[in-house]
Amino acid sequence: MMAGTALTPLVDFAQGGPLTNWAGNITYGTTNLMRVNSVPEAGETVRRYEHLKVLGTRHCFNKIADSHDRFLSLAAVNRVIGLDTQRHTVTVESGIRYGDLAVWLNDRGFALHNLASLPHISVAGGCITATHGSGVRNANLSSAVTAFELIKASGETVEFSRDKNPGLFPGIVVNLGGLGVVTRLTLAIRPTYQISQYVFENLPIQVLEHHFAEIMSAGYSVSLFTDWRNGNIGEVWVKSKVGEGPAFDGLKEWFGATAATKDMHPIPSLSAENCTPQMGVPGPWHERLPHFKMGFTPSAGKELQTEYFVPREHSYAAIKAVEQLRDQVTPHLQITEIRCIDADDLWMSPCYHQPSTTIHFTWQPDWPAVSRVLPLVEAQLAPFHAKPHWGKLFTMSPRRLAALYQRMPDFRHLLQEYDPKGKFRNDFLNTNIFGV
Ligand SMILES: Cc1cc2nc3c(=O)[nH]c(=O)nc-3n(C[C@H](O)[C@H](O)[C@H](O)COP(=O)(O)OP(=O)(O)OC[C@H]3O[C@@H](n4cnc5c(N)ncnc54)[C@H](O)[C@@H]3O)c2cc1C
């Protein structure tokens, strides 16, 4: 079963030029990229070389994927291998992208529980970094993984499942690319569903003090967008499951916010052409849960991103704490998005045993300026135990990360056991996981 080709790559891997990540803010340490067409070829590559990193769809903003030696791409190893309609699971090869898998599943009457804001990322890269969407009862995308296959540094292929390896499995999935080459994932699925998307404008931030939980649980997935400029959440995006939850049709005002009268972009000055349909028009889950349509440039294009997870009970205090920094933040910001994610049991997930709220920043592509603001934001959010997104930009120290992740010692052990000579290590792992 081949995956569809609904998505054209946004930028193909550089041919001859420098190799960069999607945003272009990271030029990788080598252009030595090996593409394989099968799992046995990947195994052979792992056995042959002392150091390598797998590149997914290159959507991380930091150096988590970087290598000075060589890259392995499994982009062509992207088939759907099996659909189990009894157990409600789908098994895929690791190079498949969420957008392609979503269409494949929906055509057969099935769905995933959630998607990130864009459909262009690989399933493996998304799960490895604890990528998430929104929804008070939706855990991150890696929480759907029920089985996992990877090639260890020795070249041996190993399989794990939640049922057969209950103790180890939570350490394996969010592995930050350090355990080996992920070749196959089995994901929990459910019957397909329809979503209607509604946008409300100008919600006073102070309303969140007493109504945060109510607003964030008013839909299956809710996002708040603000530039912090004027005490308002500029846009509230409510993605409602058709037939469930409060009805928004015809509602003109909600908690002091007014219903948008046309489709919106999260950055109000940009055209909504690339955004998924709103105004309550129902559509399949995969055409409403991401903010951006497939085949279009997601978000604003040139940008940097940062995101912090705070325990849900601190949501309003953390939002107010960031608002205090608006004079420093707003000049470098395109938009902030606030989302909720449910708890999971995955050791290196920022939501480990912790329902969370995320405060995300899409920055202007100006790293010198952003790198000066991040320590301020991190200091402001420190009392709330904020953890950074593993795939986005942060300046937090390894010592602080170690204090925030109680299972970090277990994770280090796992990396040492599966990759004793550091075949899959890079500067990011050496610093952030082993640098204490
Ligand atoms: C415009 C934009 C919007 C985004 N929106 C969201 C969002 O809504 N929510 C969210 O949480 N994040 C979001 N992200 C971040 C993104 O989801 C993560 O960075 C994710 O990891 C990207 O996956 P990738 O395949 O591109 O990873 P890469 O950057 O290619 O790699 C990430 C890590 O995974 C490893 N890896 C990838 N594939 C394999 C494999 N097969 N085996 C072993 N290791 C592998 C790499 O070595 C690396 O360590 C967004 C990013 C962008 C650019």
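Let's start at Pro-284, which is found in strand S16, residues 283-284. One thing to keep in mind throughout: this is a predicted model. Is Pro-284 buried or exposed? Pro-284 counts as buried, because its relative accessibility is 18% and the cut-off for buried is under 20%. Now compare Pro-284 with Asn-230. In sequence, the two are 54 residues apart. In space, their C-alpha atoms are 35 Å apart.

Next, the ligand. How many residues are around it? There are 35, and Val-54, Thr-57, His-59, Ser-122 and His-389 come nearest. By type, the shell divides into 15 nonpolar, 15 polar and 5 charged residues.

Let's take some contacts one by one. Val-54 has a backbone N or O atom 2.6 Å from an oxygen atom of the ligand. At Ile-64, a polar backbone atom is 3.3 Å from a ligand oxygen. Ser-94 uses its side chain: an N or O atom there is 3.5 Å from a nitrogen atom of the ligand. And how much of the ligand does the protein cover? On its own the ligand has 970 Å² of accessible area, and the protein covers 99% of that.

Which elements give two or more residues to this shell? They are strand S2 (53-55), helix H3 (123-128) and strand S9 (181-188). The largest share comes from H3, with 4 residues.

On to the aromatic rings. The count comes to 17 aromatic pairs. Take Tyr-308 and Phe-361. Their ring centres are 6.4 Å apart and their planes stand at 70°, so this pair is edge-to-face. Over 60 degrees is what that label needs. Where do the two residues sit? Tyr-308 is in strand S17, residues 304-311, and Phe-361 is in strand S19, residues 356-363. The pair therefore ties together parts that are 53 residues apart in sequence. Tyr-308 is buried, at 0% relative accessible area. Phe-361 is buried too, with a value of 0%.

Here is another pair: Phe-394 and Phe-428. This one is also edge-to-face, with 6.2 Å from centre to centre and 80° between the planes. Phe-394 lies in the loop between strand S20 (387-388) and helix H9 (398-404). Phe-428 belongs to helix H11, residues 427-432. So what does the pair link? Distant parts of the chain, 34 residues apart. Both Phe-394 and Phe-428 are buried.

Ring pairs link Tyr-198, Phe-200, Phe-248, Trp-254 and Phe-255.

Now charges over rings. The charged end of Lys-241 sits over the ring of Tyr-193, 4.6 Å from its centre. Arg-425 lies over the face of Phe-434, and there the distance to the ring centre is 3.7 Å.

Last topic: backbone angles. Most residues other than glycine have a negative phi. Asn-202 has a positive one, near 60°. Its place is in strand S11, residues 194-204. Asn-202 counts as partly exposed, because its relative accessibility is 37%.

His-353 is not a glycine, yet its phi is positive, at about 55°. Where is His-353? In the loop between strand S18 (333-341) and S19. Is His-353 buried or exposed? His-353 is exposed, with a relative accessible area of 54%.

Notes
Residues are numbered from 1 along each chain as its sequence is written. Side-chain values use heavy atoms; hydrogens and water are left out. A residue is near a molecule or strand if one of its heavy atoms lies within 4 Å of it. A polar contact is a pair of N or O atoms within 3.5 Å; within protein, one must be able to donate a hydrogen and the other to accept it, and residues adjacent in sequence count only if both atoms are side-chain atoms. Accessible areas come from the Shrake-Rupley method with a 1.4 Å probe; for residues, only the protein chains shown count as cover. Ala, Val, Leu, Ile, Met, Phe, Trp, Tyr, Cys and Pro count as nonpolar, Asp, Glu, Lys and Arg as charged, and the others, Gly among them, as polar. Rings of Phe, Tyr and Trp (its six-membered ring) pair if their centres lie within 6.5 Å; planes under 30 degrees apart count as stacked, over 60 as edge-to-face and the rest as tilted. Buried means under 20% relative accessible area, exposed over 50%, partly exposed in between (1.4 Å probe, protein chains only). A charge sits over a ring if NZ of Lys or CZ of Arg is within 6 Å of the ring centre and within 35 degrees of the ring normal.
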